[in-house]
Structure formats: structure tokens, C-alpha cells
Amino acid sequence: MSQVEPPRIAALLAQAATSITAARTTHDMVEAIVAAAPDAVPGFDHASVTIRGKDGQNETYAASSNVVEKLDLIQYDCGEGPCLDALVDGGTVISDHMRHEHRWPSFVPRALEAGVTAQMGIGLHEVDSAGGAVLNLCSTTGDGIGPESRDLAQLFALYAATALGGRHNEEHLTTALSSRKVIGQAVGILMERYRINESNAFDYLVRVSSTANIKLRDVAAEVVTQSDTRYTTDPPH
């Protein structure tokens, strides 16, 4: 595999970082990560992100091509492969030369049939998934993974995980601030409507939320936006 000059590496990573951070949502960011990875990490042609949900099922959250999406499905079907091993231990699992690989006897023949020559699975610790998440990188044109590509892949995955962690926290913060705002508005409406203090108004929202098994924010939003006073027929006490 040909060497890539450091300035070119920096430019590739900078370009990838720009497209990733420009994403507006977590889903868009993951899509940007798998789209940028093959260009940012020389030696790889395809990328995907696998997540494992609370039910233990594996799912390809985003994929740069049908090739890698098919490769993911093969692993899920076989119950083995670098992606699944990386999900288990959260680290990096590398198959430099797939044709010489012996760790996954069910997966390897099908991967070779799909044209895969090398593959990496790298754990993404910051992705909000109960069972973990992995960045999958595979090659269908090269002949092995050199040390440079390994290092760049891990650097790229570290940046991707950090960006996803930041976006996840940002979205949670935005949701929390939005919830505080609507709850505050609902409390104010109840205070004015029934001439009660702030504590009693908030306690009323909590009681309705618990009795109706509805999120507190949704109860507050109903008070703010609905005119039929479904939750405020009787004055709160």
C-alpha cells in the first residue's frame, strides 16, 4: 500500500472533521462519519456503524455502501466477525489479510466471496447504545492493512466517538432546557389561573403526570398549548 504524506493526511482528516461537525443531528453525524471514513483513512473502501440495542439485536445504523451493509448482515447471520468481537470487548479488532484469517470460520468464506480483503472493527465508546457501537472499515481493493492505515483508522474513530459524545450531550442539554422552559410556562399559567403559589402549581403537574402516566414535560405542554383545560378542570390544591 502506498504511503500518504503527512500534509495530505492532515488535509483528509480536516476535511472529514468539517463534514462531521456540520451535521445537525446525531443521525446526520453518523451518516457523515461513514461517508468520510473511506476518504479520510487510506486503504479502506467502505465504512459502517453498527449498534447493539437493549434487546441485544445488532443493527447497521449507517453505511457508506451496499457492500459494507451486506458484510454487516453476514456477520450478524454468522454470529461472528471483527465487528461483533469489537462490540464485545469495546476495543479494536483487525483482520489484515482476510484470506489468511482463521478466527471466524463461518464468516470468512462469505466475506471473501463478497470481495473483502481486510477489515477493522473499532469500538465507539461515546455512542449512546445500550450494547455498544462499532465503526466498521473494510477494504475490497487493497491487499492488507498497513500500520499507517491502522493508526489513522483509530485516530479517525477516536475523533468520531468524541464528536458523537459531544453531540449526544448537546442534544440532551437542549432537550432538558426545552423541558424546563415549557414546565416553567405551565407553572406560570396555573399560578395565574388559580391564584396559587409556584410550589402548588408544580406539585399539581407532578400529580397529573404520575396519575396519567404521562411525562411531566408532556403534561406541561398540554397546559400551555391546549385550550380545553383537559388537565385543569378542577383547581389544583
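## Salt bridges

The structure holds three salt bridges. The term requires a side-chain nitrogen of Lys or Arg within 4 Å of a carboxyl oxygen of Asp or Glu. This is a predicted model: local features need pLDDT of at least 70, side-chain atom pairs count only at pLDDT 80 or more, and totals for chains, interfaces and linings use all residues. Residues are numbered from 1 along each chain as its sequence is written, and side-chain values use heavy atoms, with hydrogens and water left out.

Arg-110 and Asp-77 meet through their side chains at 2.7 Å, N to O. Helices here are DSSP runs (H or I, at least four residues), strands are E runs of at least two, and both are numbered from the N terminus. Arg-110 is partly exposed at 34% relative accessibility. Asp-77 is exposed, at 55%. The cut-offs are under 20% relative accessible area for buried, over 50% for exposed, and partly exposed in between (1.4 Å probe, protein chains only).

Arg-150 pairs with Asp-96, and their closest N and O atoms are 2.3 Å apart. This pair also links distant parts of the chain: Arg-150 belongs to helix α6, Asp-96 to the loop between β3 and α5, and 54 residues separate them. Arg-150 is partly exposed at 29%. Asp-96 is partly exposed too, at 22%.

Glu-101 forms a salt bridge with Arg-103, with closest N and O atoms 2.7 Å apart. Glu-101 counts as buried because its relative accessibility is 13%. Arg-103 is partly exposed, at 45%.

Is β4 mostly covered or mostly open? It is mostly covered: six of its six residues are buried. Ala-118, Met-120 and Ile-122 point one way from the strand. Gln-119, Gly-121 and Gly-123 point the other way. In a regular strand the side chains alternate between the two faces of the sheet.

β4 has β3 (residues 92–95) as an antiparallel partner, joined by four bridges. It also pairs with β5 in the antiparallel sense, over six bridges. Strands count as paired if DSSP finds at least two bridges between them. Met-120 takes part on both sides: Ile-94 stands opposite it, and Leu-137 is its bridge partner in β5.

## Nonpolar cores

The largest nonpolar core has 32 residues. Such a core is a set of buried Ala, Val, Leu, Ile, Met, Phe, Trp, Tyr and Cys residues joined through side-chain atoms within 4.5 Å. Ile-33, Leu-135, Leu-137 and Phe-156 have the most contacts inside the largest one. The elements giving it two or more residues are α2 (26–40), β1 (46–52), β4 (118–123), β5 (133–139) and α6 (147–194).

## Aromatic pair

The count comes to one aromatic pair. Trp-104 and Phe-107 form it, edge-to-face, at 6.4 Å centre to centre and 75° between the planes. The rule takes rings of Phe, Tyr and Trp (its six-membered ring) with centres within 6.5 Å; planes under 30 degrees apart are stacked, over 60 edge-to-face, and the rest tilted. Trp-104 is buried at 3% relative accessibility. Phe-107 is buried at 0%.
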